Amino acid sequence: MFQVFGVLNEYFKRRGNITEADMGRFNVTGNEADMHAFKVPSLRMAAHTAPYLHDGSAATLREAVDIMFEFRLGREAPDEDEDAIVAFIETLAGESEELWQ
C-alpha cells in the first residue's frame, strides 16, 4: 500500500532540502496525487530495521513514532502512548534465532 506522508502537517516543507527521492511514487507515475506517497512497509520486524522513514532520517523507532504522530495524526503523543506503540512493534519481531544468523 502507498500513503501520502505529511497529510496533516507539511513534513517536507518544514524539513527543507527536498530531494527527488522525497517526491515518492510521483517519480514513477507522474501523477500529482502520488506526490510524497511512499510504500508502507509491514510492521513485522520493524524494531530491527532502523533507520526509519523513506530517507532514514529517524534513527530510532520512538523518533519515527513521534514523526508519524505529528505528520499523520497532527498531534503530539503522550509518552505512555509512544511507549505502548514502541513496545507493541517490538513484539512483532518474533523470537527465532534463525532470523539473525
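**View 1. The charged end of Arg25 lies over the ring of Phe2, 4.4 Å from the ring centre.** A charge counts as sitting over a ring if NZ of Lys or CZ of Arg is within 6 Å of the ring centre and within 35 degrees of the ring normal. This is a predicted model, in which local features need pLDDT of at least 70 and side-chain atom pairs count only at pLDDT 80 or more, while totals for chains, interfaces and linings use all residues. Residues are numbered from 1 along each chain as its sequence is written, and side-chain values use heavy atoms, with hydrogens and water left out.

**View 2. The largest nonpolar core has 16 residues.** Such a core is a set of buried Ala, Val, Leu, Ile, Met, Phe, Trp, Tyr and Cys residues joined through side-chain atoms within 4.5 Å. Buried means under 20% relative accessible area, exposed over 50%, and partly exposed in between (1.4 Å probe, protein chains only). The members that touch the most others are Phe5, Tyr11, Phe12, Tyr52, Ala58, Leu61 and Ile67. Two or more residues come from each of helix H1 (11-15), helix H3 (61-73) and helix H4 (79-91). H3 gives the most, with six residues. Helices (H or I, at least four residues) and strands (E, at least two) are DSSP runs, numbered from the N terminus. Not counting residues up to four places away in sequence, Ile67 touches Phe5, Tyr11, Leu53, Ala58 and Arg72, where contact means heavy atoms within 4.5 Å. In soluble globular proteins, nonpolar side chains tend to be buried together.

**View 3. Ring pairs join Phe5, Tyr11, Phe12, Phe38 and Phe71 into a cluster.** Rings of Phe, Tyr and Trp (its six-membered ring) pair if their centres lie within 6.5 Å; planes under 30 degrees apart count as stacked, over 60 as edge-to-face and the rest as tilted. The structure holds six aromatic pairs. One of them is the edge-to-face pair of Phe5 and Tyr11, at 4.6 Å centre to centre with 65° between the planes. Phe5 has a relative accessible area of 9%, so it counts as buried; Tyr11 is buried at 7%. Tyr11 also forms an edge-to-face pair with Phe71, at 5.1 Å centre to centre and 80° between the planes. This pair links distant parts of the chain, with Tyr11 in helix H1 and Phe71 in helix H3, 60 residues apart.

**View 4. His36 lies in the loop between helix H2 (26-29) and strand S2 (37-39).** Its relative accessibility is 18%, so His36 counts as buried. Leaving aside neighbours within four places in sequence, His36 contacts Gln3, Val4, Phe5, Phe12, Asp22, Met23 and Gly24.

**View 5. Asp22 forms a salt bridge with Arg15, the closest N and O atoms being 2.3 Å apart.** A salt bridge is a side-chain nitrogen of Lys or Arg within 4 Å of a carboxyl oxygen of Asp or Glu. Six are found in the whole structure. Asp22 is buried at 1% relative accessibility, whereas Arg15 is partly exposed at 30%.

**View 6. A network of salt bridges links Arg62, Asp79, Glu82 and Asp83.** Arg62 meets Asp79 at 3.3 Å, N to O. Arg62 is in helix H3 and Asp79 in helix H4, 17 residues apart. Arg62 also bridges to Glu82, with the closest N and O atoms 3.1 Å apart. Arg62 is partly exposed at 28% relative accessibility, and Glu82 is buried, with a relative accessible area of 3%.
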